[in-house]
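Here is a short report on one protein chain.

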Amino acid sequence: MTDYPIRFFAEAADVRRLGEGMLGRCLAKEEWTHEAHLATCLWLIDERPDFDCAADLPAAIAGYNESVGGQNTDTAGYHETITQLYVIGIGQFARACAEEGLLARVNALLASPIAARDWPLRFYSAERLFSVAARRGWVEPDVSPILL
């Protein structure tokens, strides 16, 4: 998999703006990066106890995708298994992270193994992870149990 430089955040306000923009469906599509996905999930866990990521994030992401002209199909858009895997992983990271403050916690997450773009492939074969079944619903890992 191609290596990408880590794009750390400079301000906690940038993380909050991304999360609020995604939820409000007003975030520019080009800002919804891999780092933005991860930072938004951690922001929701840390600062939005009213938001149940496992239950509420699927509709939020799917709605956001549609708001920027995307589609949620069998081959594009929202992916249930990847989303739920990151909710699990980022939730565990959040509980174990000793860093204080949203900015420090998000940047620590981005420097962690969870932020690697191929992290889901530690648990799933590409065939299973990128299947229609995995995109549409939760599928169990076929490579390794989710133990972080």
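Along the sequence, the protein chain reads α-α-α-α-α-α-α. It holds 7 helices and 0 strands. The radius of gyration is 15 Å, close to the 15 Å that the globule rule gives for 148 residues, so the chain is as compact as a globular protein of that length. The model is predicted.

Overall values for the protein chain:

| Property | Value |
|---|---|
| Box filled by C-alpha atoms, along the principal axes | roughly 40 × 35 × 30 Å |
| Residues that count as buried | 43% of 148 residues |
| Accessible surface | about 7800 Å² |
| Share of that surface from carbon and sulfur atoms | 53% |

Contacts reach across the sequence. Of those between residues at least 6 apart, 63% join residues at least 24 apart.

Helix 1 (residues 12–23) packs against helix 5 (residues 102–110) at an angle of about 75°. Their axes lie 8 Å apart. Angles from 65 to 115 degrees count as roughly perpendicular, and helix 1 and helix 5 are therefore roughly perpendicular to each other. Helix 1 contributes A12, V15 and R16, which meet L102, L103 and V106 of helix 5. The residues of this contact divide into 5 nonpolar, no polar and 1 charged.

Now the segment after helix 7. Is L147 buried or exposed? L147 lies in the segment that follows helix 7 (132–136). Its relative accessible area is 68%. Exposed means over 50%, so L147 is exposed. L147 and G24 are 123 residues apart along the chain, and their C-alpha atoms are separated by 33 Å.

Methods. Residues numbered from 1 in each chain as written. Predicted model: local features only at pLDDT ≥ 70, side-chain atom pairs only at ≥ 80, totals over all residues. Heavy atoms only, no water. Axes fitted to C-alpha atoms, helices over the stretch in contact; angles between N-to-C directions. Helix = DSSP H or I, 4+ residues; strand = E, 2+ residues; numbered from the N terminus. Parallel < 35°, antiparallel > 145°, perpendicular 65-115°, else oblique. Contact = heavy atoms within 4.5 Å. Nonpolar A, V, L, I, M, F, W, Y, C, P; charged D, E, K, R; others polar. Buried < 20%, exposed > 50% of the residue type's maximum accessible area, 1.4 Å probe, protein only. Rg over C-alpha atoms; globule rule 2.2 N^0.38 Å. Areas by Shrake-Rupley, 256 points an atom, 1.4 Å probe, with all protein chains shown as cover.
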